[in-house]
Amino acid sequence: MSGRVAIAGGGLAGIAAALDLADAGAQVTLLEVRPRLGGAAYSFERDGMTIDNGQHVFLRCCTQYRALLERLGSAGLTELQPRLSIPVVAPGGVEGRLERSDLPAPLHLAGALARYPHLTPAERLSATRCALALRRVDPDDPGADRLTFGEWLGAHGQSERAVEALWDLIALPTLNVPAAEASLALAAFVFQTGLLRERDAADIGWAAVPLQRIHGDPAERALARAGVEVRTRCRVEAVRSEGAGGFAVEAGGERLAADAVVVALPNERAAALLPEGAVDGGAERLRALGSSPIVNIHVVYDRRVMEHSFAAGVRSPVQFVFDRTRGADVGDGQYLVVSLSGAEAEMEEAPERLRERYLPALAELFPRAREARVERLFATREHAATFRAAPGQAALRPGPRTRLPGLVLAGAWTATGWPATMEGAVRSGHAAARVALEALERPRAAAEVVA
Ligand SMILES: Cc1cc2nc3c(=O)[nH]c(=O)nc-3n(C[C@H](O)[C@H](O)[C@H](O)COP(=O)(O)OP(=O)(O)OC[C@H]3O[C@@H](n4cnc5c(N)ncnc54)[C@H](O)[C@@H]3O)c2cc1C
């Protein structure tokens with residue numbers, strides 16, 4: 001198979017698509033506007049520290065993402081829990097644990113739920129019944145994508161307290177909107193895939209080193225080995241159909257001719273540069289998917305204040321907090337990162353305001369923080385971290401095919417069935433490569449018939 005493929009966007013979707021296409025023999029050029037690959041999951045230098053733009057976690061069920069890391073040679077730089085275990089801490093040090101046993105799903109969570117201290121016994125029983133009902137919601141049912149998860153939870157007896165202390169603990173970080181705003185269909189997918197079908201699916205993994213060393217840097221090496229030409233600092237300005245299945249890509253002041261193009265950009269960017277009429281519903285459809293922000297608050301203490309690798313907070317503005325001390329040059333101190341999903345309010349808040357709210361909140365969860373000195377505090381904010389996982393999302397997310405054969409879409413926001421995750425991005429890249437290959441093979445098949 002031969003053919004020239006241009007890929008716009010060097011995030012996980014573009015990287016996965018590029019490797020598949022190069023493996024199949026295509027001549028691939030990857031165009032990325034930033035100076036580095038890795039897209040939305042990246043690291044940068046600040047005051048001598050390498051900082052991730054935001055804490056990223058994955059689950060054991062993220063099989064395609066994990067396979068990509070194997071290919072990149074960076075899987076060994078991640079940690080994966082042998083079994084799901086999330087410490088859940090409330091102010092005053094009340095601590096519970098959401099952890100699994102070795103029983104088959106969904107019984108693997110029954111013990112943890114029965115002991116969960118942040119709900120009353122009646123709430124625990126009701127939550128168990130509700131989880132069993134959630135197993136029966138069809139994530140592909142358009143009706144389920146018209147409701148919010150919050151409405152459904154309410155109709156299944158879940159109080160606001162239970163939503164906050166249990167359901168949002170999972171919904172917020174995976175969907176990047178609270179249950180009250182999330183699509184029931186996507187929430188059902190997350191809970192079924194992660195928690196209710198396979199006992200080990202939700203074992204949690206995370207990067208043990210900065211993200212750039214897990215994604216961007218090894219991807220550059222793997223792409224070079226595969227023969228992909230990578231052009232960084234190269235902005236794709238427009239993609240045009242040239243007729244007869246050819247395309248012209250305007251990028252970095254040049255015009256590239258291609259037999260197929262994979263547009264692996266965020267939805268807003270893709271909307272801006274796709275040729276008119278390429279997608280049913282047009283650019284407006286892609287824009288209507290919208291976005292949700294994530295804010296991370298980075299705090300360096302002069303001593304250890306938290307014993308866990310990570311923990312969730314309840315009855316606290318702290319959602320999840322991760323210990324990122326390993327590899328950070330903080331002496332005897334501890335580097336914590338508070339990860340805030342659906343963080344509309346925190347996007348707008350001044351650093352002093354975040355400081356006033358989050359330092360006392362951390363001290364309430366981890367009493368040793370009261371005595372500790374804060375050596376650094378800063379925030380990283382991603383206003384369009386993910387698409388908005390609200391009702392109606394399914395109809396807005398296009399698949400890889402456009403109306404122009406050979407022009408293909410990828411990205412965590414496309415119709416992968418997954419929420420906007422690294423797994424969804426990688427899956428979308430593989431799907432896009434398959435569709436691009438079909439298009440590349442088509443002209444040759446026609447030529448053979450003529451011959
Ligand atoms: C703070 C934060 C925390 C997150 N946490 C998690 C998590 O815990 N777990 C999880 O699974 N996912 C998480 N995500 C989501 C995950 O990072 C994304 O879903 C995934 O990385 C998206 O990959 P992608 O390839 O689809 O898109 P992107 O990574 O957005 O890649 C698109 C690329 O296109 C480039 N680009 C844009 N415009 C142009 C142009 N005109 N020309 C050329 N290139 C262009 C961009 O620079 C970018 O590199 C998080 C995201 C953020 C921001």
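A straight helix of 13 residues would span 18 Å at 1.5 Å a residue, but helix α7 (residues 184-196) spans only 15 Å between its end C-alpha atoms. The expected span is 1.5 Å times one less than the number of residues. Helices (H or I, at least four residues) and strands (E, at least two) are DSSP runs, numbered from the N terminus.

This is a predicted model: local features need pLDDT of at least 70, side-chain atom pairs count only at pLDDT 80 or more, and totals for chains, interfaces and linings use all residues. Residues are numbered from 1 along each chain as its sequence is written.

Is α7 enclosed or open? In α7, 13 of the 13 residues are buried, so the helix is largely enclosed by the rest of the structure. A residue is buried if 20 or more other C-beta atoms lie within 10 Å of its own, exposed if 12 or fewer, and partly exposed in between; C-beta atoms are placed from the backbone.

Pro-293 lies in strand β15 (residues 292-301). Pro-293 counts as buried because 21 other C-beta atoms lie within 10 Å. Val-177 is 116 residues away from Pro-293 in sequence, yet their C-alpha atoms are 8.9 Å apart in space.

Next come the sheets. Strands of a sheet pair through backbone hydrogen bonds, either parallel or antiparallel. Here two strands pair if DSSP finds at least two bridges between them.

Axes are lines fitted to C-alpha atoms, for helices over the stretch in contact, and angles run from 0 to 180 degrees between N-to-C directions.

Another open sheet of three strands has the order β5-β9-β6, again with antiparallel pairing. β5 and β6 (78-80) stand at the edges with a single partner strand each, so one side of each has no neighbour in the sheet. The twist here averages 25 degrees from one strand to the next.

| Strand pair | Bridges | Opposite residues |
|---|---|---|
| β11 and β12 | six | Val-236 and Ala-251 |
| β12 and β13 | five | Val-249 and Leu-256 |
| β6 and β9 | three | Glu-79 and Trp-206 |

Two hairpins have turns to look at. β11 and β12 form a hairpin with two residues between them, and Ala-244 in the turn has a positive phi of about 50 degrees. The hairpin of β12 and β13 also has two residues between the strands, and Gly-252 takes a positive phi near 55 degrees.

Which residues come nearest? Of the 36 residues around the ligand, these are Gly-9, Gly-11, Gly-39, Gly-54 and Thr-421. A residue is near a molecule if its C-beta atom, placed from the backbone, lies within 6 Å of it. The elements α1 (12-23), β5 (57-59), β19 (374-386) and α15 (422-450) each supply at least two residues of the shell. By class, the shell has 19 nonpolar, eleven polar and six charged residues. Ala, Val, Leu, Ile, Met, Phe, Trp, Tyr, Cys and Pro count as nonpolar, Asp, Glu, Lys and Arg as charged, and the others, Gly among them, as polar.
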